[in-house]
Structures are given as structure tokens and as C-alpha cells.
Amino acid sequence: MSNDTLLQIKDLRVSFRIEGQYYAAVDGVNLEIKKDEVFALVGESGCGKSAMALSISRLHNENYTQCAGEVLYEGKDLLSMTPAEMNNVRGGKIGMIFQDPLTAMNPLMRIGAQIEETLTYHTNLSRAEKKARALELLERVGMVNPALTYDQFPHELSGGMRQRSVIAIAIAAKPDLIIADEPTTALDVTIQAQILDLLDELRTGTGGSMILITHDLAVVADIADRVAVMYAGQIVETATVYDLFANPLHPYTRSLLHSMPSALTEEARLHTIQGIVPTLKNLPRTGCRFAERIPWHNASLHEENPTYHEVTPGHFVLCTCYKTFALGGGTHGTA
Amino acid sequence: MALLEVKDLKVHYPVHGGILGRVVDWVKAVDGVSFTISEGQTLGLVGESGSGKSTIGKAILGLSHITAGKILFDGKDITRSVRKNRSPFRKSVQMIFQDVYSSLNPRKRVLDIIAEPLRNFEKLSKAEERKRVDELLAIVGLSPDNASKYPFEFSGGQRQRIGVARAIALKPKLIVCDEPVSALDVSVQAQVLNHLKDIQQELGIAYLFISHDLGVVRHMCEDLTIMHNARFVETGTREDIYNEATHIYTKRLIAAIPDIDPLKRKENAANRKEVNALYDKEQDVWYKNGRGVYDLKPVSDTHYVAMQ
């Protein structure tokens, strides 16, 4: 593990129980999050990106979830920590921002009290100091009137203000890592822009890393440093944001980029991916998992046991099927 | 002649208060909007949450009470009759909903879901009905053996296509699409949008396409209108809006779209900052008392902007 690595994920497997059997939603993920970087995890619903985020902070329901592998945070394995140790990590070392700010907050607690709660658990500040810090945080996340917001309840705030409050809670104890799970998906586009600008500004201000989980490639292009694209529980491509958008390699990444309707250009038809995302139970467990979505490609193009290929320094892609550049051939097929 | 003509539509919701539950105030969800849709046209209605865009769609379908204004369909005034169950207008206007999980009855088979409008308006034998449902399923790219399945057996994109099949069952002239792809993944969204475009070309249906996603709207609509604070702030063709946005709100909306090119990140952020500063500075220029939107004034033949 090099010095600038903050979080290292080794062969992580997260399995959910369905009818008595466990099926891996995250299937052998290896990742390194460096210090002070925004690492984006992109994929469609059901690809395992949220399951992975929840397992890092161990927020999954242990009654029907199994985790295997290692999640090393500053060299310590989060998966083998006791619940008490984990409580110190959550909020203290790792902050979380969720998709829906209204359900992420306690509806019966004032905003100020919710920020102070984090401070109570992770700092030794006195009451007056906590209040001062909470007000400072509210100002930091761009509240127009911090003193008023401090005494308000979540339902009194607009969507953007709520998400700002959640961010204030997440950064209260100055964690080194923030996991943001679709932080702007529930927001309007102008509010989304404000929140993204805020996240970017916070990062340049205090440093710290962020894992940004999203399905929106435009958000990735706007804020991320490095990107991993997930499909069916595996990471199919990792690269810097510039490499990924300039030179997408894996057929899944290319398809995703092509199927986006753009506000900046017009096309007659949108690119679609043949077939549907396989359900957890029906995931192909051997060979290239994307093979059935590109059936016009000969089986010999795929590897029997796909491995990662470093195409240019730092740009990894799974399986050899990336070598075929043709996007055509039945791509407009329907399910 | 326009297929649908909406004149100075107002939808105000009462706010009840006090011990007696009297009406103490009104929420003006839609406050005086006019527009027309001609046959086979797609009009995009863009706005943020709370701008009143969905209320317009609901008012046209008779799902919310109209406070004032007129709705003409095929030249006939249907403002009063829109809420009547068997009015022929009901047959000609259909809706596609946003939430594919709650808009299909979970206890009905796909066959019954798609056949429901047919059963309401047309007298078909069992065999004829089945044939029509199979045809409709084929149009949206689903195989006929799906007819006996239940909604939970389908993915989000497939469900939305069932919703589309139901909406086109009676060969309507107008479909109100209220955020039809917002809940779907990009690759699935692309499938549904392609189907909507194909169907329009085949059947000549007009769409009122309500969305907050400027990318989707640009792809789908030749004409669009931007809504803010219950009023239209700008209407025009795609080129008018995207290349020559005039109203400060439209400019702000367009500046907020994240670009897919990471190299333009800094440039976009700077542009966004500039437009936002301008938006704060020019409040008085574009809004009456900081909120009211002015009446639309023509800038060119197709392009209208709300200004003093």
C-alpha cells in the first residue's frame, strides 16, 4: 500500500440472501482511493454500486448480507472491526451523504441539533463551542441565514437546503473520506449545480477524499478525478476522468456514453443496449458478464476468465472484448 | 387549426385554515398560461419542481380543477366537459406517468392493464381484444406472451413500455408525457425515448412532453417552453431556446447543465458563476416584485420572452 492511499478495497464480495441462498451483488472488487481525490463509481441500478458503499461504512443489514474481503482504511480492516470501533469510524472518519435528504435526517430534530449530535460523538467540544461550530458549518455550506436554519426542522427547508444540511452533518467531524450516494439525483438541475459546486469548493478548502456514487455521467465529468464503471457487480473499467471520456474502452462504457441524450447536441436516435441488466439471481458468474448484451460479438473475443488489462498507464479494462471498436451491429435491438 | 389550444389557464388551489376551515389563501400553481399544440407536434414543457408544469398536464386531462381559462380541443371548448367520464375527448387524450411502479395496477395482468381503455370505449370480442393487445405490445417491442404476466415481473423500462402501450391503445391524438423517463436508467431511457419517437412517426400523435431534463427535452421536442413561478418565461423553437436564450431564468437553467466533457469543467463553472451573479442582480429587471413573471413578448416569429 503506497503512502497516498486512504482506502484500499481488496477482493470485496457483498452477497445478499435470496430464498436461503447468498448471491454476490458486489463480486470481487479491488480498488484504491487516494488521498484528496474524488473517485466516482458509475453504473446503472442494480450494478452493486450502492451495496459497495454501504459495506464500506457497514450500514448494510447483517441479517441477510454477507461481506467477504478486506476494506483497509489507513491500514485497518473495517470489515473486522467491532461495532464500537465502527461507530467511531462512521461520521468521524467517514461521512455519508445520501440521495434523499429528507429521509436521511431525523424529522423531529432541529437542524442545529442534528449537526451537534455528530460533534457530541466525535469531538470533546463544550455546548457553546458545538453551537458555534454548527453555525460555522451552516454558513460554510452556503446557508443564507445560519442562525435561522439552526432552529428549523428538515420539513421547513427546500430540497437544496436539506441536502446542504446533510452535507454539513457529513463534514462536521472533519472526516477524511466522504461517501456520497447519488447526492444530487433528487434535486433540480440548478440546485444540482449549486451542490456540485459546493462539494468541489469544500474539497479545495479542506482536502479529503470523496467516493461519489452516481448513474449520471455528466455529474462525473463535472467533479470526479478518477472513475470506475461498474456492471453486474464487477468493475469493468477504471481510468482518470479525462481518459475515460476521451477514450472509453469497455463496450459497456461506450454504450452508456452513447445512450445519453445530450442538451448540447442532437441526434436522431439514441443508442440502446440490447437485452436487460440481469437480475442478481441470474448473473452470469463465469466469463465476460457483458457478453450477452453484445451477442453479435464472437465468443473468441472474450476471455474465458476475464482479467484486467492496463491499456495506458492507470487505465484498466476488464476482458479483451474492448478490442472490437464496432458499436454497430444490432445495437438498436430491443429487449 | 391547432389540435389543442389552451387560453389563459389558471389553476389555483385553496388553502384552508382556522377553526371553520375557511379558505384563507390560494396557491397559484398555474397562473395564466396560453399555448397551442398542433397535430403530430411535440411541445416540451420544462421547469423545476414546483413550477406548475405537471399541473398543466393534469388540468388538460381533467385531473385537476380549472380555476379560469379555456381549453379548446379540435376547436371545441372542452373546459367544462373535460371531467365527464365518457366524453369523446377522454379517448383522444392519454397520459404516460413518471412512476412506473405505481401507475400499473399490481393485481392486474398486462392484458387487463392494456385492454382497460379498450373495454371502456370500444366493444370488442375477447379474440379481437387479445389481437389488439398483442399488436400494441409489438409496437412497444414486447412479445405477446408477456400479456398474461403481472407488472412485478418486468423491469422499469419494460413497465414504462407497458404504460406507453396502454396510452396508445385508443389511438389518441395527444399524449401528455409527465416525466416519462426520469425514473429510468440511461440505457433504458434511450429505449423508451426511441419508442416514443417511432410511435409518433407511425401514428402521428402529438406529445406534451413535461420534463426537467434539458437533455431529454432537446432530444424529443422541436418546440419548448420554460416555466417558472407558475408562468411561462420563454417559449420558442429548440434553436431559439438553446442558442439564443434571453430570459435570465432560461440562461441559468442552461448554464446549470453539467457538460459531458471534463475538459470544459473550469469554463462551465465560471460561466455558471457569472450567470448566477447576473440572475441575482437582474431580479428586478425580469420579475415583478421579485417573483411575478411578466407577459410574453415576441422577440422573433417563434421566440417569445416574458419581459417588461
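Residues are numbered from 1 along each chain as its sequence is written, while chains are lettered from A and ligands numbered from 1 in the order in which they are written. In this predicted model, local features need pLDDT of at least 70 and side-chain atom pairs count only at pLDDT 80 or more, whereas totals for chains, interfaces and linings use all residues.

**View 1. An open sheet in chain A has 4 strands.** Their order is β2-β1-β4-β5, and the pairing is antiparallel. Helices (H or I, at least four residues) and strands (E, at least two) are DSSP runs, numbered from the N terminus. Two strands pair if DSSP finds at least two bridges between them. β2 and β5 (76-77) of chain A are the edge strands, each pairing on one side only. Between β1(A) and β4 (residues 65-73) of chain A there are 8 bridges, in the antiparallel sense. A:K10 stands opposite A:E70 in β4(A).

**View 2. Chain B has an open sheet of 4 strands, crossed by a helix.** The strands follow the order β2-β1-β4-β5, with antiparallel pairing. At the edges are β2 (22-37) and β5 (76-77) of chain B, and each pairs on one side only. Strands β1 (residues 4-17) and β4 (residues 68-73) of chain B are antiparallel and joined by 5 bridges. B:L4 stands opposite B:F73 in β4(B). Helix α1 (residues 53-61) of chain B lies across β1, β2 and β4 of chain B. The helix runs at about 80° to β2(B). Axes are lines fitted to C-alpha atoms, for helices over the stretch in contact, and angles run from 0 to 180 degrees between N-to-C directions.

**View 3. B:S49 sits in a loop of chain B.** The loop lies between β3 (42-47) and α1 of chain B. B:S49 counts as partly exposed because 13 other C-beta atoms lie within 10 Å. The cut-offs are 20 or more such atoms for buried and 12 or fewer for exposed, with partly exposed in between; C-beta atoms are placed from the backbone. B:S49 and B:H212 are 163 residues apart in sequence, yet 7.9 Å apart in space, C-alpha to C-alpha.

**View 4. Two domains of chain A meet.** The assignment, automatic or from a database, gives domain 1 (5-224) and domain 2 (228-326) of chain A. Their C-alpha centres lie 28 Å apart. In contact are 22 residues of domain 1 and 16 residues of domain 2 of chain A. Contact means that C-beta atoms, placed from the backbone, lie within 7 Å. On the domain 1 side of this chain A contact, β2(A) gives the largest share, 8 residues.

**View 5. The largest nonpolar core has 181 residues.** Such a core is a set of buried Ala, Val, Leu, Ile, Met, Phe, Trp, Tyr and Cys residues joined through C-beta atoms within 7 Å. A:I211, A:L212, A:V227, B:L174, B:L208 and B:F209 touch the most other members. Helix α7 (residues 159-171) of chain A supplies the largest share, 7 residues. Domain 1 and domain 2 of chain A both give residues to this core, so it lies between them. Among the residues that A:V227 touches, not counting those up to four places away in sequence, are A:A40, A:V42 and A:L244.

**View 6. Chain B touches chain A.** The contact takes 31 residues from chain B and 34 residues from chain A. On the chain B side, α6(B) provides the largest share, 6 residues.
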